[in-house]
Amino acid sequence: MSTELPPGHDHVPAVPDEPIANPGLPAHTWRPTDVDPRAEKRAERQVAALFLLSMVCAVLFLVSYFVFQIGDNPDSFAGLGASNVALGGTLGLALLLIGVGIIQWARKLMGDHELVEMRHPAASPEEDRVATLAALGAGLEESGIARRPLVRNTLFGAMGILLAPAVVMLRDLGPLPGDKLLHTVWTKGMRVVRDVVGTPIKLSDLEIGDLVNAEPEIIFATNSQGEPEYEGVDLQIAKSKAAVVLLRMDPDDIIPGKGRENWSVDGIVCYSKICTHVGCPISLNERTTHHLLCPCHQSTFDLADSGKVIFGPAGRHLPQLPLAVDAEGYLVAQSDFTEPVGPSFWERDSKDIGEQGEGS
Amino acid sequence: MRLLNRSVNGWAGRVSRHRRGPLAGLMVLLLGLLFTGTLYAAFAPAQAQQASSDADQVAKGRELFLVGCAFCHGQNGEGIRTQNGNQIGPALVGVGAAAVDFQVGTGRMPMSQPGAQAQRKPPAYNDEEIAALAAYVASLGPGPSIPTADDYSIDGLSEDQRQEAIVRGGQIFLTNCTACHNFEGSGGAMPRGGYAPKIRGVEPRYIYEAMLTGPQAMDTFSNGNLSPEEKRDVIAYLGTIEETPGYGGFGLGGLGPVSEGLFAWLVGLGALVGFAIWIAAHTTRSTKEKVEA
C-alpha cells in the first residue's frame, strides 16, 4: 500500500485484514441414505435389483441366440428380424443396467465427502525451474553438440535424407491417370443395350416418353474363349464411365445444338448418366419437361436442349452420345463421347456447347 | 286434386269390398312378392357378369366422361389448353384403358383441385364405372390395355424360377426405379412441388399400369423398353420388400440418412444428455444430522 498520501489525506481509517468475517464452507448436509438405515437398505436393494436385471438380460441374450431362426427363413417380430431385435435389446439392456446400477450406487451409497481443492499458480516453483534449466544446459555441454560440428551436421543430414524415401513412396499412389479420363469404352458402331439385361434396343421398341438406363454392348460381351471382355475392377470402371440414359421424346421438342443436328434418331437422344458436378449417377427424369435432376445436389439438365444446366451447382452441360441406327435397326453410337464425362478436372479443356461439335 | 282423390277413394272402396274375399290372401301374397322382388332388382349391387356389350360399355363410359372428365380433357378427349398455352387436361387419344384404370382406380383422377401433381385418394367411381370409362377412352385410339393377373403374377413359376425372377427384378428396380422412388420404394421429392409416390403397398396391377403408361411426369417403360417379364419381375421384387422383415431394425420409413440422422441426433443424443444430467445432478439431502455410531 502506498505511503505517499497527498496532504489532507493522512488520516485514512485503518482497514482490518478481513473486513467481512470468512463464513467458511456451509455445513455438510447428509443424504437420506446416510442418516436413515431404512433408506440405506432400500437403495442397496435398488442397486442389487438393477444388477440382477442385467443378469436376466444376459441370460435372455443367450436364450434368444439359440431360439430365434436367422438365414433364409428368419423369425420376425413386429415386422423386424426377431433375432437382431432380441440380441441387440438384451445385450444393450444388460450393459446399460450395470451402468445405471453403478451410478445409483455411487449417488446413494458410496462415501459422501466434500473435497475442496484450493487454487494455486499453475507454474512450477522457481527453484524447480532453475534446476531444470541447469540440468538441460549441463546435458548440452556434455554431449558436445556445439563443439563437434561434424557430428551435429551429419546427424541433421541423416534426418533430412529420410524425407526422400517418404516422398518416393508417394509414387505408389499413382500411376497418373494419363488420358483415361478423356475416353470411355464407347466406339463407333457399338450398340446401346439395356442395363442389367444387356439386350440391344431397336428404334421401333421405344415409344415417346420412354426412358432406358443403358450401357455399351461391350459391358456384356464375351471374347472368343467365352470369357467376359471386362471383369472385376475394369468392368466397374468401364460401366461407371459409359453409363447413359436414352430417351425418346417428341422430335419437335428437341432444340439441336450447333454441330449436333444428326446426333438424335427420331427423337431418341442419349446422354451420359454421370453428373458433371461430382459424378453422381442421375436418372430422375421428368417426362413432361425433359429435365434430368441429380438427386445429390439438385443440378438440373435440359435433355431437349443439349443437356444444358438449367439449375444447380453443375458447371458443365451433360455430355451427349451421338446416336445412329445400324443395318438391323438397332441403336448404335456414332462415336465415343466428344468430351470427357463426369466432373471437371484440372487438365480438362473448357469448351462449351457449340465449340465442340461432332468429331472435334 | 279433387278428381284424383275421388278416383283413389273409389278404387279403395272397390278393393275394400273384396278384402275379405277367398282370393284376397293369395293376392296380397303375390303383390308382396312382386313388390319385394322389384325393389331388390332395383337396389341390388350390379353384377360384373351382367355382360353388357362393348358398344354399351363405350356408350356408358362416354356418358360418364362427359359429366366427370370432359371439362378438362375436352368433349372428345382431345385435351384442353388455355389461351396462353397452359395445359388444363392432356389429350386422352391413345393413352389406352390402362391409363384410365390407373388414374381413376387409384383416385388420382378426377383431381380435386389443380396442383403440381394429382394425389392418390379413394376412387370416385366404382369398378363398373371405371371399366366403362376405360372402354370409352380405349375407343378413342389404340393404347395399352389393362393388364391381367397373368401379366404380373409369378405364381405359375417353379420355386427356382421365382427366385431368379425376384433377383432380376431387384436389379432392374435398382437401375431404373430407385432414382426417383427410393431404394425401398418409399418415394421421393421431384422438382417444382412434384414427388415420386411411395410404391410399397400398391396393388401390382397399378404398378404395372404406371410402368406401361407413365402417369404424371413419370417416364414410360413400355413393353419395348422393359419387356412384360421384366415388369413382372420388378413387381415380384417389390412384393418381397414388403414381406421381408426389417432385418436392420427400425427402417424409419426407409428414407435413408435424413430420418436416420434425425433419430440419432434427437433421440440418441437426447438420451445421452439426459443420463449426463442425472449423473451430475445433486442427490436429495436430508436435514437430519448423522448419528455417529
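A surface patch is made of residues with over 30% relative accessible area and no salt bridge, with like charges joined within 9 Å and nonpolar side chains (Val, Leu, Ile, Met, Phe, Trp, Tyr) joined within 5 Å. Lys and Arg count as positive, Asp and Glu as negative, while His and the chain ends are not counted. The place of a charge is NZ of Lys, CZ of Arg, CG of Asp or CD of Glu. Accessible areas come from the Shrake-Rupley method with a 1.4 Å probe, and for residues only the protein chains shown count as cover.

This is a predicted model: local features need pLDDT of at least 70, side-chain atom pairs count only at pLDDT 80 or more, and totals for chains, interfaces and linings use all residues. Residues are numbered from 1 along each chain as its sequence is written, chains are lettered from A and ligands numbered from 1 in the order in which they are written, and side-chain values use heavy atoms, without hydrogens and water.

Start with chain A. It is divided into domain 1 (32-108) and domain 2 (180-333); the bounds come from an automatic or database domain assignment. The C-alpha centres of these two domains of chain A lie 56 Å apart.

Now the charged patch. A:Arg38, A:Arg42, A:Arg45 and B:Lys288 form a patch of positive charge on the surface. A:Arg38 sits in helix H2 (residues 37-67) of chain A. Helices (H or I, at least four residues) and strands (E, at least two) are DSSP runs, numbered from the N terminus. A:Arg38 counts as exposed because its relative accessibility is 65%. Buried means under 20% relative accessible area, exposed over 50%, and partly exposed in between (1.4 Å probe, protein chains only).

Turn to the salt bridges. Each is a side-chain nitrogen of Lys or Arg within 4 Å of a carboxyl oxygen of Asp or Glu. Side chains of opposite charge can pair when their charged atoms come close. The whole structure holds 19 salt bridges over all chains.

One of them pairs A:Arg31 with A:Asp112, with the closest N and O atoms 3.9 Å apart. This pair links distant parts of the chain, 81 residues apart: A:Arg31 is in the segment before helix H1 (32-35) of chain A, and A:Asp112 is in the loop between helix H3 (82-108) and helix H4 (126-143) of chain A. Both A:Arg31 and A:Asp112 are buried.

Another bridge joins A:Asp205 to A:Arg194, at 3.3 Å between the closest N and O atoms. A:Asp205 lies in the loop between E3 and E4 of chain A, and A:Arg194 in strand E3 of chain A, 11 residues apart. A:Asp205 is partly exposed, at 24% relative accessible area. A:Arg194 is buried, at 9%.

Next, B:Arg192 and A:Glu286 meet in a salt bridge (2.8 Å, N to O). B:Arg192 is in the loop between strand E3 (188-189) and strand E4 (195-196) of chain B and A:Glu286 is in strand E7 (residues 284-286) of chain A, so the pair joins two chains. B:Arg192 is exposed, at 57% relative accessible area, whereas A:Glu286 is buried at 9%. Salt bridges that share partners also join A:Arg31, A:Asp34, A:Asp112 and B:Arg285 into one network.

Finish with the backbone. A:Ser306 is not a glycine, yet has a positive phi of about 60 degrees. A:Ser306 lies in the loop between strand E9 (300-302) and strand E10 (308-311) of chain A. It counts as buried because its relative accessibility is 3%. In chain B, the peptide bond from B:Met109 to B:Pro110 is cis, with omega near -5 degrees.
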